[in-house]
Amino acid sequence: MDKKIKLYVLTGFLGSGKTTFLLNMLDKLQDRKIGIIQNEFGKLSIDGDIIRSGDIEMRDLTRGSIFCSCLKLKFVEALAEMSEMGLDCLFVESSGLADPSNLFEIIEALAVLKPNRPYELAGTICLVDAVSFLDDASGLEAVVRQIIHCNIALVNKCDLADREKIDEITKQIRSLNGNCLIIETSNGVMDEKLLSIDLSDYEWAECEASTNTADTKPKTFSIEFDGVPKEKMTAFLEAIAPECYRIKGFGVLDGKWQQIDVVTDRIDYKDCADRGSGRLVFISRVGIQLIRDIKTKWDERVSLPVKLNN
């Protein structure tokens, strides 16, 4: 019998650390042939640009959730295509508002195209943001579903939360999922040896319909810009962040290329390579009105040319 490709699905709310986790894991698995399917709600794949490497087979699926009817067929087709590439492992990094409740249904649909069932569904790993999880889980059904349907809950950013809060998060996770592994970490680090165990022993919930639909898909917008003073960019991001689930991208700030990440009120900058053009993606909390507010707040705080896309 042909060797099965190990399939790992990464979930976790926007900014929880999925891409950082994946970069760490890729560094540890250099002796294996790895594939990645990157899923983002917007039409621009920012995380894909961060991860992309000549040694990795990679596909981007944008403009929705892979668990929604809008992208399910493309997801199945991507799985079928990548099963022909001699991979050892395939990681699927889902979008931050993804609800993976119907994952097993999608795997069964793949069997129509690939009756030999080339994948072993090795586990679903949910990244949990120790800073914001309690608030996120109280208001977002997708975040709750991510916990219910995971094999490992990786509580990330523990260096930014106190013991009392981490214990409360653990209690909340266990109330939703009585069987998953709960692991505390920082900076998206997980022992790669956990990928060699049978994570199916930690299954908990049955397959069910996903809450991801065309109607529940959040609005996303993007901007393109040239160099901006870092102080002005920070003022703009502080003003617009309360209206966004997530902001991420790249730009030239004070003459240097920077990767830009915004989660709640936390703004992070990190040096990066030349990305060709400055761009930011915004995932809206407030629907379509965000497009007007981006333009207004940019003009007020930055006052430089900008191209706004929807």
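1. R145 and D99 are joined by a salt bridge in which the closest N and O atoms are 3.1 Å apart. Because R145 lies in helix 6 (residues 141-148) while D99 sits in the loop between strand 4 (89-93) and helix 4 (103-113), the pair ties together parts that are 46 residues apart in sequence. Please keep in mind, here and below, that this is a predicted model.

2. The structure holds 20 salt bridges, and one of them brings together the side chains of E120 and K6, with 3.5 Å from N to O. This pair links distant parts of the chain, since E120 belongs to strand 5 (residues 119-129) and K6 to strand 1 (residues 5-12), 114 residues apart. E120 is partly exposed, with a relative accessible area of 33%, and K6 is likewise partly exposed, with a value of 22%; the cut-off for buried is under 20%.

3. A further salt bridge is formed by the side chains of R246 and D261, at 3.2 Å from N to O. R246 is in strand 9 (residues 244-253) and D261 is in strand 10 (residues 256-263), 15 residues apart, and the pair is described as linking distant parts of the chain. Both R246 and D261 are buried.

4. In what order do the six strands of the open sheet lie? The order is 11-10-9-12-8-13, and the pairing is antiparallel. Strand 11 (266-271) and strand 13 (306-309) are the edge strands, each pairing on one side only, and the twist from one strand to the next averages 15°.

5. Within this sheet, strand 9 and strand 12 (residues 278-284) run antiparallel and are joined by six bridges; C244 stands opposite S284 in strand 12.

6. Helix 8 (residues 230-240) lies across strand 8 (220-225), strand 9, strand 10, strand 11 and strand 12, and runs at about 145° to strand 11. Helix 9 (residues 289-301) packs on the sheet as well, where it touches strand 8, strand 9, strand 12 and strand 13, and its direction makes about 25° with that of strand 8.

Technical notes. Residues are numbered from 1 along each chain as its sequence is written. This is a predicted model: local features need pLDDT of at least 70, side-chain atom pairs count only at pLDDT 80 or more; totals for chains, interfaces and linings use all residues. Side-chain values use heavy atoms; hydrogens and water are left out. A salt bridge is a side-chain nitrogen of Lys or Arg within 4 Å of a carboxyl oxygen of Asp or Glu. Helices (H or I, at least four residues) and strands (E, at least two) are DSSP runs, numbered from the N terminus. Buried means under 20% relative accessible area, exposed over 50%, partly exposed in between (1.4 Å probe, protein chains only). Two strands pair if DSSP finds at least two bridges between them. Axes are lines fitted to C-alpha atoms, for helices over the stretch in contact, and angles run from 0 to 180 degrees between N-to-C directions. Contact means heavy atoms within 4.5 Å.
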